[in-house]
Amino acid sequence: MTTTSTSRAPRVLPPPRWAVRAAHVVAWSTVPSGMWRIALVLGVPVGVMEREEFLAGFPDHSPLIATAYVLLIGAVAETASYLTLGLVRPWGEVVPRWIPLLGGRPVHHRLAVHAASLGALAVTVLWWVLFFGGLLTAPSPDPGISAGEVLFVASYAPLLLWGPLLAAVTWSYHRRHWVRTGA
């Protein structure tokens, strides 16, 4: 008789629909800013900064290093935001079998809650401070706003949702496990 990977973890209530939707919003929240950075490094006019100005921050103004940096930042952000889906999917209960050394083992829910809570706090502080701190310390803007500035804000504004929604999904995950275990 064969067992499935979900048979090792105790049964947990299914996630509420709002938590599943919130987790998907989090997973997609990093995409617009990543696309904006890729457009910038490829030389697409994004209005707020020119490619040469961006490349000036890298050794020898290297487009290769800048591209690697942008892709690495995007991969890290996408991976981190995608992990939120684990709080509403079966792989948040049992580690998928394809992962070496851990595959098939139940996820320790308290560890997941602590890690997700710290992540929610970190990205909330990071993006809210960077976003609003940048707006508050920027020189007085011109009376008008450029299309590039609108594109920049539209690309980075979804990151403001990441932390609060991750916290809400984490709370839902915690509640579902707390109800199951009673502690």
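Contact here means that heavy atoms lie within 4.5 Å. In this predicted model, that cut-off picks out a pairing between two helices: V31, R37, I38 and V41 of α2 touch P63, A66, T67, V70, L71, I73, G74 and E78 of α4. Sorted by type, the residues of this α2–α4 contact come out as eight nonpolar, two polar and two charged. As for geometry, the axes of α2 (residues 31-42) and α4 approach to within 10 Å, crossing at roughly 175°. Angles over 145 degrees count as roughly antiparallel, so α2 runs roughly antiparallel to α4.

Next come the charged pairs. Side chains of opposite charge can pair when their charged atoms come close. The model has one salt bridge by the rule applied, and the partners are E93 and R176, with 4.0 Å from N to O. This pair ties together distant parts of the chain: E93 belongs to the loop between α4 (63-82) and α5 (109-137), while R176 sits in helix α7 (residues 159-181), 83 residues apart. Both E93 and R176 are buried.

Mean pLDDT for the chain is 85, and 86% of the residues reach at least 70. Helix α1 (residues 17-29) has the highest confidence, at a mean of 97, and helix α3 (residues 51-55) the lowest, at 82. Where pLDDT is low, the predicted coordinates should not be read in detail.

Definitions and conventions:
Residues are numbered from 1 along each chain as its sequence is written. This is a predicted model: local features need pLDDT of at least 70, side-chain atom pairs count only at pLDDT 80 or more; totals for chains, interfaces and linings use all residues. Side-chain values use heavy atoms; hydrogens and water are left out. A salt bridge is a side-chain nitrogen of Lys or Arg within 4 Å of a carboxyl oxygen of Asp or Glu. Helices (H or I, at least four residues) and strands (E, at least two) are DSSP runs, numbered from the N terminus. Buried means under 20% relative accessible area, exposed over 50%, partly exposed in between (1.4 Å probe, protein chains only). Axes are lines fitted to C-alpha atoms, for helices over the stretch in contact, and angles run from 0 to 180 degrees between N-to-C directions. Angles under 35 degrees count as roughly parallel, over 145 as roughly antiparallel, 65 to 115 as roughly perpendicular and the rest as oblique. Ala, Val, Leu, Ile, Met, Phe, Trp, Tyr, Cys and Pro count as nonpolar, Asp, Glu, Lys and Arg as charged, and the others, Gly among them, as polar. pLDDT is the predictor's confidence in each residue, from 0 to 100.
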